[in-house]
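User: I have a structure to go through before the group meeting. Could you take me through it?
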Amino acid sequence: MRKILVIGAIASAALSFAAPAAADPASGLSFRELEYQAPRDPLLPSNAAIGDLHHTLAADLAPATDALNQAIPAGTSRANAEALLRKAGAKCRADGASTERCGYFDVATRDEYVDDVHWNVKLDLVDDKVASLAVDRLWSRH
């Protein structure tokens, strides 16, 4: 019986370490998780300069864009959208009365390289409510 309890405790501890860090369970949104699920950035041709900025293709961003649109549907208040994006790991700032910009930064490794990754979410607002959002992901290799 004692061995079973010890094995159960070890298994429980292992599962808690293996589970990815989640965002707010109510929103289910986490930029860390979106980055983890994003396709790996390609190896660059030999003539590409280290440090150049690259945009992730819209087709590769489609799952993340869908997740963000589900979490922040049109009509969501600016305050709620901003709070949700901050809980997901982004930093937000107003860009006038009709736009809010939120960004998330991460570092990823690819072979012997390090990629700086920037997620950018632009909220277009009407009457302080989200009308639409746009997602962009930039990365540069070092």
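User: In what order do the strands of the sheet come, and is the pairing parallel or antiparallel?

Analyst: This is a predicted model. Its 5 strands form an open sheet in the order S1-S5-S4-S3-S2, and the pairing is antiparallel.

User: Which are the edge strands?

Analyst: The edge strands are S1 (53-55) and S2, each of which pairs on one side only. From one strand to the next, the twist averages 25°.

User: What packs on the sheet?

Analyst: Helix H3, residues 58-71, packs on the sheet and touches S4 and strand S5 (129-141). The direction of H3 makes about 145° with that of S5.

User: How many helices are there in the protein chain, and what pattern does it follow?

Analyst: The protein chain has 4 helices and 5 strands. Along the sequence, the pattern reads α-α-β-α-α-β-β-β-β.

User: Back to the sheet. How many bridges join S3 to S4?

Analyst: S3 is joined to strand S4 (residues 113-126) by 12 bridges, and the two run antiparallel. Val107 has Asp116 in S4 as its bridge partner, and Arg110 has Tyr113 in S4.

User: What about the turn of that hairpin: how many residues lie between S3 and S4?

Analyst: There are 2 residues between S3 and S4 in this hairpin. Asp111, in the turn, has a positive phi of about 55°.

User: And S2 with S3, over how many bridges do they pair?

Analyst: S2 and S3 pair over 4 bridges, in the antiparallel sense. Arg93 stands opposite Arg101 in S3. The hairpin of S2 and S3 has 4 residues between the strands, and Gly96 takes a positive phi near 95° there.

User: Changing topic to cysteines. Which ones form a disulfide?

Analyst: Cys92 and Cys102 form a disulfide, with their sulfur atoms 2.1 Å apart. The structure holds 1 disulfide. A disulfide is a covalent bond between the sulfur atoms of two cysteines.

User: Which parts does the pair tie together?

Analyst: Cys92 lies in strand S2 (residues 91-94) and Cys102 in strand S3 (residues 99-110), so the pair ties together parts that are 10 residues apart in sequence.

User: Is the link of Cys92 and Cys102 right-handed or left-handed? And are the two residues buried or exposed?

Analyst: The link is right-handed, with 115° about the S-S bond. Cys92 and Cys102 are both buried.

User: Now the aromatics. How many aromatic pairs are found in the whole structure?

Analyst: The search finds 2 aromatic pairs. One of them is Phe31 with Tyr104, which is stacked, at 5.4 Å centre to centre and with 15° between the planes.

User: Where in the chain do Phe31 and Tyr104 sit?

Analyst: Phe31 is in helix H2 (residues 31-37) and Tyr104 is in strand S3. They are 73 residues apart, and the pair links distant parts of the chain.

User: Why does Phe31 count as buried? And what about Tyr104?

Analyst: Phe31 counts as buried because its relative accessible area is 1%, under the cut-off of 20%. Tyr104 is likewise buried, with a relative accessible area of 12%.

User: Which residues form the aromatic cluster?

Analyst: Phe31, Tyr104 and Trp119 form one aromatic cluster.

User: One more residue: Arg141. Where does it lie, and is it buried or exposed?

Analyst: Arg141 lies in strand S5. Arg141 counts as buried, at 2% relative accessibility.

User: What joins the side chains of Arg141 and Asp115?

Analyst: A polar contact of 2.7 Å joins the side chains of Arg141 and Asp115.

User: For the chain as a whole, what percentage of the residues count as buried?

Analyst: The protein chain has 142 residues, of which 30% count as buried.

User: And what share of the contacts comes from residues 24 or more positions apart?

Analyst: Among contacts in the protein chain with a separation of 6 or more, 55% are between residues 24 or more positions apart.

Technical notes
Residues are numbered from 1 along each chain as its sequence is written. This is a predicted model: local features need pLDDT of at least 70, side-chain atom pairs count only at pLDDT 80 or more; totals for chains, interfaces and linings use all residues. Side-chain values use heavy atoms; hydrogens and water are left out. A disulfide is a pair of cysteine sulfur atoms within 2.5 Å. Buried means under 20% relative accessible area, exposed over 50%, partly exposed in between (1.4 Å probe, protein chains only). Rings of Phe, Tyr and Trp (its six-membered ring) pair if their centres lie within 6.5 Å; planes under 30 degrees apart count as stacked, over 60 as edge-to-face and the rest as tilted. Two strands pair if DSSP finds at least two bridges between them. Axes are lines fitted to C-alpha atoms, for helices over the stretch in contact, and angles run from 0 to 180 degrees between N-to-C directions. Contact means heavy atoms within 4.5 Å. A polar contact is a pair of N or O atoms within 3.5 Å; within protein, one must be able to donate a hydrogen and the other to accept it, and residues adjacent in sequence count only if both atoms are side-chain atoms.
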